[in-house]
Amino acid sequence: MLGVALVLSSCASVYVATDYDRQADFSAYKSFAFFKEGVDKAPISDLDKKRILRAIEKNLTSKGMVVSDNPDFLVNIFTRERENVDIYDNSPYHWGWGPFWGGATYNVSRNTEGTLYIEIIDARKHDLVWQGKGSGAIPYKSEQKEEAISNFVNKILEQYPPK
């Protein structure tokens, strides 16, 4: 279900990795806009895109950056997901054959792992200067989405701008 592709529950762990251009002057990036062409291509629902973009905007403005029509940098997102299926054997007995010996009981657990990429692109040079990636389990309940997305985005952007 791509509509929830990058939502993590607030109690789940978000695994984050970042990379950046060591030559970029991050102190010069004070204003931003979203890279519409890239955001539009993200394979998630428009509702989840709005949630992600609001969370990014809130995070960056809390760091003193401003949204602008003539930005210093552009913010792009893209997503990936995969489903994990685990089968657990709950049978207390596994020996013998026949109708009275054993009989397997299995529990099947499914979860979806999502990955959100946030990219910072120098608006004048059109160069990628920073990328953050967060991965973790995705909750299925829609009422958890707002908080989960905010947690996911904040974990990734904790490392922006690089120190």
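This report describes the aromatic ring pairs of a predicted model.

## Confidence of the model

The chain has a mean pLDDT of 83, and 74% of its residues reach 70 or more. Over residues 1–11, the pLDDT is below 50.

## The aromatic cluster

The structure contains 9 aromatic pairs. Ring pairs join Tyr20, Phe26, Tyr29, Phe32, Phe34, Phe73, Trp130 and Tyr160 into a cluster.

One member of this cluster, Tyr20, also has a charged neighbour: Arg22 lies over the face of the Tyr20 ring, at 4.1 Å from the ring centre.

## Phe73 and Tyr160

One of the aromatic pairs is formed by Phe73 and Tyr160, whose ring centres are 6.0 Å apart. The planes of the two rings stand at 55°, so the pair is tilted; an edge-to-face pair would need an angle over 60 degrees. Phe73 belongs to strand β4 (residues 73–89), while Tyr160 is in the segment after α3 (145–157).

## Trp130 and Tyr160

Tyr160 also pairs with Trp130, with ring centres 5.2 Å apart. Here the planes are at 70°, so the pair is edge-to-face. Because Trp130 lies in strand β6 (residues 127–138) and Tyr160 in the segment after α3, this pair ties together parts that are 30 residues apart in sequence. Trp130 is buried, as is Tyr160.

Methods
Residues are numbered from 1 along each chain as its sequence is written. This is a predicted model: local features need pLDDT of at least 70, side-chain atom pairs count only at pLDDT 80 or more; totals for chains, interfaces and linings use all residues. Side-chain values use heavy atoms; hydrogens and water are left out. Rings of Phe, Tyr and Trp (its six-membered ring) pair if their centres lie within 6.5 Å; planes under 30 degrees apart count as stacked, over 60 as edge-to-face and the rest as tilted. Helices (H or I, at least four residues) and strands (E, at least two) are DSSP runs, numbered from the N terminus. Buried means under 20% relative accessible area, exposed over 50%, partly exposed in between (1.4 Å probe, protein chains only). A charge sits over a ring if NZ of Lys or CZ of Arg is within 6 Å of the ring centre and within 35 degrees of the ring normal. pLDDT is the predictor's confidence in each residue, from 0 to 100. Contact means heavy atoms within 4.5 Å.
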